[in-house]
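Biologist: Before we look, could you take me through reading a model of this kind, one feature at a time?

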Amino acid sequence: MPPSTNPFRDMGEPSSEKDMYYKITNTLNRADICSGYSFVATPHKGDSSDESGQAVDCGMYPDAALSRVNVAGEKDFGRTDWSSVEIAIECKSSATSGDPFDECIDNDEPNADSRRKVLGQILSYMELVFDRQHRTFQYMILFLGNFARILRVDRSGIFATHKFSYREEDTKLVRFLWHYSRLSPEARGHDTTAVRLHPRSKEANRMRNRVKNVAEDDYVAQSFKKLLDEDWPWWKLEVSNETNPKEPQYYLVAKPHFQAPGVAGRATRGYIALPAKHKDDTFVYLKDAWRVVSDDIDKEGVILETLRQHQVQYIPSLLCHGDVAGQETKTQAVWSRLFPGETCYLKRHQHYRLVVKEVGKPLEDFTNGAELVQALWCCLKAHQQAYAHGIIHRDISAGNILLYRRADGRWQGLLNDWELSKKLVQQEGDGRQPDLTGTWQFLSVGALNNHTKVIVVQDELESFFHVLLYIAIRFLPHNCDSTSVPQFLKDYFDDYSPHVNGHRCGTVKLNAMYHGRIDLTVYNNSKEDEDSANLHFIWPSKPNETRHKRKHPLDGLIETFLSWFAAYYELILTPKAEDAETAEIGDEEDGGEFPSILAEIGPEKELEEAEEQGRSGSESSSSASSPTATVLDLPGQNADRPQKPSRRTLEKRARNLDSHAPMLNELYNTLTKKKWPTEDRCDDRKPKKGARWAPAEDPVARGSKRSSDVLAERLGKPAKRSRVQ
């Protein structure tokens with residue numbers, strides 16, 4: 001039977017926050033209300049697997065996991081173990097400044113810095129639990145002086161109870177804990193399709209044995225070996241097979257190869273996986289994510305199978321995929337129930353797993369600039385072919401472009417993560433995702449400044465450009481002061497401009513696209529020449545050698561593409577008068593036919609196909625035609641050109657963005673007709689994780705994708721984050 005008395009009534013008044021740790025955990029343990037669980041204070045010692053060293057004040061742990069918490073006695077503090085904590089517990093001595101929810105504000109989101117700091121703190125703890133465990137949701141308890149809140153969070157959002165007196169208000173808290181401890185694992189938020197492996201189990205030993213004595217150049221095996229971190233939990237994961245539902249597949253995984261930050265959102269995790277079948281020792285890649293449920297967004301596996309049927313190159317090969325039955329978010333449904341008739345901006349997410357054949361490595365692991373550009377060409381080619389069959393990717397980012405080594409040992413690009421892709425015909429109506437889609441750092445200026453914009457080919461080509469610039473500015477030689485690169489990365493890729501309707505594009509990226517140059521005036525301390533005012537990529541110098549004046553072949557690509565984007569945005573900002581429309585477009589130069597690609601960028605030979613063949617969906621540009629050759633009219637080609645390009649010149653440049661062919665042509669010609677340095681890769685100029693090089697970020701808006709900010713979107717929506725009543 002649930003407890004009929006409140007054990008906290010007899011608990012003495014804590015004299016400090018530290019005293020709260022002792023008295024609360026001791027009171028709960030002595031009440032013996034949660035059979036099989038113990039409450040442990042862990043305020044000072046972080047999890048050994050967590051580099052940040054964060055430690056939650058207390059936690060409810062299964063008795064079987066107490067050895068990992070290192071508790072010696074009743075008055076001793078233990079060590080936080082994110083992989084086994086059942087309910088995280090945080091204590092704050094102040095019931096007001098320590099409360100991350102402000103019920104005096106309509107959406108409960110606090111304004112006070114102290115409260116916002118606590119909100120960021122508890123979200124960080126929840127993120128660490130999600131990272132180390134396979135949970136569909138989790139609870140957390142906040143003790144706020146003599147008050148408490150119970151929190152529930154899933155990948156859609158977070159709810160909290162009203163603040164209540166846990167000492168005076170009957171048995172609310174202890175009844176919650178009593179019932180919780182008697183629920184099934186599924187009802188407590190555990191994903192039962194993920195089975196934690198004992199460190200000495202047959203499966204764990206097989207994982208270790210698979211990478212014994214592997215070759216040094218076996219990238220996949222060496223990567224898997226590094227992921228066999230004994231401080232992290234290892235798992236056997238079940239993946240449903242939509243093509244054969246009666247035969248689910250099982251895979252062995254260790255530490256994630258990739259893990260998206262944040263609490264709410266898709267929460268993508270990527271694993272290098274070993275099939276559980278003993279006869280199969282071939283590594284594969286397993287993706288675990290919470291996909292957005294929408295009638296006009298297909299499952300990623302369905303998209304990959306469709307692309308395979310159309311023989312699209314440079315994409316992953318699907319092995320199996322499917323939803324995890326019965327695992328979807330509930331927060332959005334609770335919100336709608338509490339606020340009937342109001343628009344709910346919280347998304348419905350469904351747990352989903354997918355397995356592909358190829359295991360790639362990050363684009364940033366490229367060997368030299370030529371290999372980087374070659375990988376971009378491959379992925380742009382994949383995008384072109386998919387687009388020709390009516391599918392647009394919509395999430396071009398550095399993380400979604402991989403390097404993959406073929407059977408012959410040569411590296412090619414692989415365009416990954418098609419989960420946000422759509423059919424072009426699906427974008428014509430209003431039934432699309434209601435907010436900003438993609439990765440903030442690589443979205444086009446147009447998309448960042450209009451969050452309901454339909455993504456078109458020009459936006460995607462711009463995203464490819466931002467990826468190229470992001471990798472190049474970090475690893476290739478250029479004229480930006482190395483000490484200023486971290487600030488440039490923040491300003492160009494992470495920054496935003498406040499707006500009455502939410503965040504908009506940062507000024508550095510916007511100015512680059514609008515003006516066709518990347519201004520380094522505020523980043524370069526030394527002004528060696530006029531060129532130092534603008535970004536240029538330069539030929540690498542040898543140690544102790546004076547810096548070359550010779551430009552890197554990448555520099556011409558950057559300059560060319562910038563001129564196209566500047567023209568494109570200039571035409572949008574200054575539309576032509578209707579009475580002047582006819583002669584200008586009709587006067588377009590042919591530019592020749594697109595050359596056949598017979599000598600190769602990758603190892604296989606192919607003919608360049610016309611992009612328009614087989615394409616379905618509406619045109620993405622207002623231009624009357626899409627050229628099949630690059631239309632060049634670059635700055636500096638004509639010494640007598642006017643300082644401001646004519647409208648005809650702008651239209652010629654902008655038409656290069658009407659299709660993929662001109663950009664593919666530029667990449668190909670630069671790769672095959674120019675000399676490239678073989679050793680141009682530099683040390684990464686991006687600060688290592690944890691290094692502080694910029695102003696502190698908003699503690700609430702965490703994560704690499706602003707579209708996944710916790711507590712739903714903060715991009716201009718009147719999102720009311722309610723509490724359970």
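Biologist: Which order do the three strands of the open sheet have?
Modeller: In this predicted model, where local features need pLDDT of at least 70, side-chain atom pairs count only at pLDDT 80 or more, and totals for chains, interfaces and linings use all residues, the order is β16-β18-β19 with antiparallel pairing. The edge strands, each pairing on one side only, are β16 (361–362) and β19 (411–415). Strands (E, at least two residues) and helices (H or I, at least four) are DSSP runs numbered from the N terminus, and two strands pair if DSSP finds at least two bridges between them. Residues are numbered from 1 along each chain as its sequence is written, and side-chain values use heavy atoms, with hydrogens and water left out.

Biologist: Over how many bridges do β16 and β18 pair?
Modeller: β16 and β18 (residues 401–405) are joined in the antiparallel sense over two bridges, and Pro362 stands opposite Leu402 in β18.

Biologist: Is Asp295 buried or exposed?
Modeller: Asp295 is exposed, its relative accessible area being 83%, and Asp295 has its place in the loop between β13 (284–292) and α7 (300–309). Asp295 and Gln426 are 131 residues apart in sequence, yet 9.6 Å apart in space, C-alpha to C-alpha.

Conventions: Buried < 20%, exposed > 50% of the residue type's maximum accessible area, 1.4 Å probe, protein only.
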